[in-house]
Every structure is written in structure tokens, then in C-alpha cells.
Amino acid sequence: MRKMIVALVVLFVSMFSHEMHAAAGANEKATWLWNPWILVNDEANTIDFLYNKQINKVYLQIDRDLPTKVYQSFIEKSSVKGIKVYALDGAPAWVAPKGSTEQNKLFTWLTNYQKRSTSSQKFSGVHLDVEPYLYTSWTTNRATTIKRYQDLLIKAQKSSTQLSLPLEADLPFWFDEITYKNTYGKGTLAEWVISKTSGVTIMAYRDSAKSVIEIVRNEVAFAQKHKKSVVVGVETGFSSEGNYVSFFEEGEAFMNQELLTIKNHYGSSSGFRGIAIHHVGSWMEMKQ
């Protein structure tokens with residue numbers, strides 16, 4: 001009888017811990033900061049903005065011309081506010097035949113940076129935004145381009161592991177329609193990327209909760225299947241693709257209502273981690 005009671009208690013604690021972990025994970029609120037030079041003259045206001053918007057994770061662009069101390073100062077002060085900072089980099093040309101050169105430069109810089117920084121100044125992870133579909137060979141030789149993209153992610157994962165950092169990547173919502181068949185096997189590119197990284201942010205750039213919920217459905221399911229989780233990203237800047245892409249026209253108040261609807265819909269799913277807002281620059285200028 002005693003053994004049964006102990007077993008039930010252990011089971012309850014395990015279930016409770018899992019639910020608490022899922023709930024905590026779903027509360028991630030991230031954003032991209034593409035212009036790190038803003039930190040040179042406006043660090044305090046930038047951190048205040050992030051804190052007031054309840055951001056707890058920042059994808060911060062790496063510019064190797066920026067003094068190391070600028071990154072160290074921002075990360076140290078952000079950590080006090082409960083904000084984690086991930087090193088952000090990537091470009092379509094990374095899938096070029098010699099594209100690994102730029103990737104190598106990122107990890108060389110990051111390795112040196114982490115060695116020179118205190119624990120409170122270090123990056124918490126790596127976040128890649130490569131977008132291979134913008135490279136010319138995506139239309140002329142897609143199979144090869146996809147393979148190169150997979151190669152670079154595998155290489156990045158190894159480099160991140162050597163630094164004891166998680167690797168994340170941005171992913172367009174339509175990668176669940178892109179298939180691959182090569183030495184990595186066969187399947188959909190979205191599922192492959194989700195399975196091979198520590199986390200994925202879906203660029204679900206639509207301006208209604210209904211649309212966003214629908215277009216990330218497969219990715220959330222893939223994440224749950226592989227015991228991973230995805231962050232759902234939305235746009236705040238003007239888009240020439242149409243007024244259905246961004247919340248630029250509707251404003252922040254409307255966006256927040258829609259984001260709440262998305263969180264309520266997927267909040268109980270272990271495949272959903274939270275929301276990301278693209279990006280700090282346009283968000284700062286967004287109408288209320």
C-alpha cells in the first residue's frame with residue numbers, strides 16, 4: 001500500500017512539473033533587434049522598451065565592427081531584467097557554394113566573445129536567420145540549395161554544441177510544403193529543421209489570429225511529435241506584399257488582442273513555446 005501511495009505521489013509530481021514546464025515555456029515573448037548600433041547611444045531606453053513590453057528573449061544581430069563591450073553591457077543589464085539574449089546572424093548567401101565562410105566568422109567571433117565575457121555577459125544561445133529561398137539557386141537548383149541549407153544547420157548545431165549553446169532558427173510558415181529527398185532522408189523541410197534544432201521561430205506573418213493559427217498548425221504538431229517547441233512570430237513593419245501580412249496598419253492594441261487569441265489557442269500544447277514580435281525598430285514606431 002505504501003509503495004502504491006509513493007508511486008502515485010511521484011506520478012502526480014511528474015505530471016504537475018510537466019504542466020508547469022509547459023505553461024512556463026508557452027510564456028516566451030521574443031523579439032529581433034537588427035540594429036545593434038542603437039545600443040551605443042540608446043541602451044537604457046532600448047532595455048526599458050523591452051522590459052515594458054514584457055520581452056524575455058532578444059535575438060540580437062551580431063555586427064563584428066561593434067565593440068565587444070557594447071554587447072557585454074547590454075546582455076549584463078538585460079539579464080537583470082530577466083531577458084535572455086541570443087546571437088542573431090545569417091543571410092541567404094550562406095547557402096552559396098562558399099557560404100560557410102560567413103558562418104565560420106560568426107562562430108569564431110562568438111567563441112572569442114564567450115571566452116572574454118563573464119557569465120552575466122554571455123549569450124544564452126544562437127539564432128540563425130538564413131532564408132535560403134531568397135538565394136538565386138532556390139529557383140534554379142532547389143534540391144541542391146536545400147541540401148546546402150541542411151548542411152549549414154548541421155554544422156551550426158555542432159558549433160553551438162561546442163559552445164554549450166542551444167541553436168535556433170527562423171522558419172517561414174510555408175516550409176511545411178517544401179520537401180527534400182537526399183542523404184538526410186526524405187520528408188518536409190519544416191519538420192526536419194524543427195527536429196534538428198533546439199528551437200524554431202515561425203515567421204507567421206499574417207495580421208489575424210485566425211490566419212496565424214491555421215498556418216502554424218503543422219509546425220506546432222511537428223514540434224510536439226519531436227518533443228520540441230516553436231515560437232510564433234508576427235510582423236509590425238510595413239509590407240509591400242499586402243495589408244494582410246503585418247499588424248502595421250491595425251496597430252499594437254489590435255495586435256495584442258490577436259496574440260492573446262493565438263496563445264489561448266495553442267497554450268496547452270507542448271509544441272508551442274510563445275510569441276515573437278518582428279522587430280524592435282518597427283515596433284517602436286508602431287501606432288497604438
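Lysine 227 is found in the loop between helix H9 (217–225) and S9; helices (H or I, at least four residues) and strands (E, at least two) are DSSP runs, numbered from the N terminus. This is a predicted model, in which local features need pLDDT of at least 70 and side-chain atom pairs count only at pLDDT 80 or more, while totals for chains, interfaces and linings use all residues. Residues are numbered from 1 along each chain as its sequence is written, and side-chain values use heavy atoms, with hydrogens and water left out. The strands S1-S2-S3-S4-S5-S8-S9-S10 form a closed barrel of eight strands with parallel pairing. From one strand to the next, the twist averages 25°.

**Pairing in the barrel**

- Two strands are said to pair if DSSP finds at least two bridges between them.
- Strand S2 (residues 57–61) pairs with strand S3 (residues 84–89) in the parallel sense, over five bridges. Valine 58 has valine 85 in S3 as its bridge partner.
- Strand S4 (residues 125–128) runs parallel to S5, and three bridges join them. Leucine 167 in S5 is the bridge partner of valine 126.
- S5 also pairs with S8 in the parallel sense, over five bridges. Here the bridge partner of aspartate 170 is threonine 201 in S8.
- Strand S8 (residues 199–203) pairs in turn with S9, again in the parallel sense, over four bridges. Methionine 203 stands opposite glycine 233 in S9.
- S9 and strand S10 (residues 272–278) run parallel and are joined by six bridges. Glycine 233 stands opposite alanine 276 in S10.
- From S9 the chain crosses through helix H10 (residues 252–266) to S10, in a right-handed β-α-β crossover. Right-handed means that, with the strands pointing away from the viewer, the path from the first strand over the helix to the second runs clockwise.

**Two enclosed strands**

- Burial is judged by relative accessible area: buried means under 20%, exposed over 50%, and partly exposed in between (1.4 Å probe, protein chains only).
- In a regular strand the side chains alternate between the two faces of the sheet.
- Six of the six residues of strand S9 (residues 230–235) are buried, so S9 is largely enclosed by the rest of the structure. Val230, Val232 and Val234 point one way from S9, while Val231, Gly233 and Glu235 point the other way.
- S5 is likewise largely enclosed by the rest of the structure, because six of its six residues are buried. Leu167, Ala169 and Leu171 point one way from S5, and Glu168, Asp170 and Pro172 point the other way.
- Helix H7 (residues 189–196) lies across strand S5 (167–172), S8 and S9, and runs at about 165° to S5. For such angles, axes are lines fitted to C-alpha atoms, for helices over the stretch in contact, and angles run from 0 to 180 degrees between N-to-C directions.

**Nonpolar core and buried contacts**

- The largest nonpolar core has 85 residues, and those with the most contacts inside it are Phe123, Leu128 and Tyr149. Such a core is a set of buried Ala, Val, Leu, Ile, Met, Phe, Trp, Tyr and Cys residues joined through side-chain atoms within 4.5 Å.
- Contact means heavy atoms within 4.5 Å. Not counting residues up to four places away in sequence, phenylalanine 123 touches residues including Leu60, Ile62, Tyr71, Val85, Trp109 and Leu165.
- Isoleucine 83 lies in the loop between helix H3 (68–80) and S3 and is buried, with a relative accessible area of 3%.
- Isoleucine 83 and asparagine 56 are 27 residues apart in sequence, but 4.2 Å apart in space, C-alpha to C-alpha. Leu50, Tyr51, Ile55 and Val58 are among the residues that isoleucine 83 touches, not counting residues up to four places away in sequence.

**Backbone features in loops**

- Most residues other than glycine have a negative phi, and most peptide bonds are trans.
- Lysine 227, which is not a glycine, has a positive phi near 60°. Lysine 227 is exposed, with a relative accessible area of 76%.
- Serine 164 has a positive phi of about 60° and is found in the loop between helix H6 (142–162) and S5. Serine 164 is exposed, with a relative accessible area of 66%.
- The peptide bond from histidine 278 to histidine 279 is cis, with omega near 0°. Histidine 279 is found in the loop between S10 and helix H11 (280–284).
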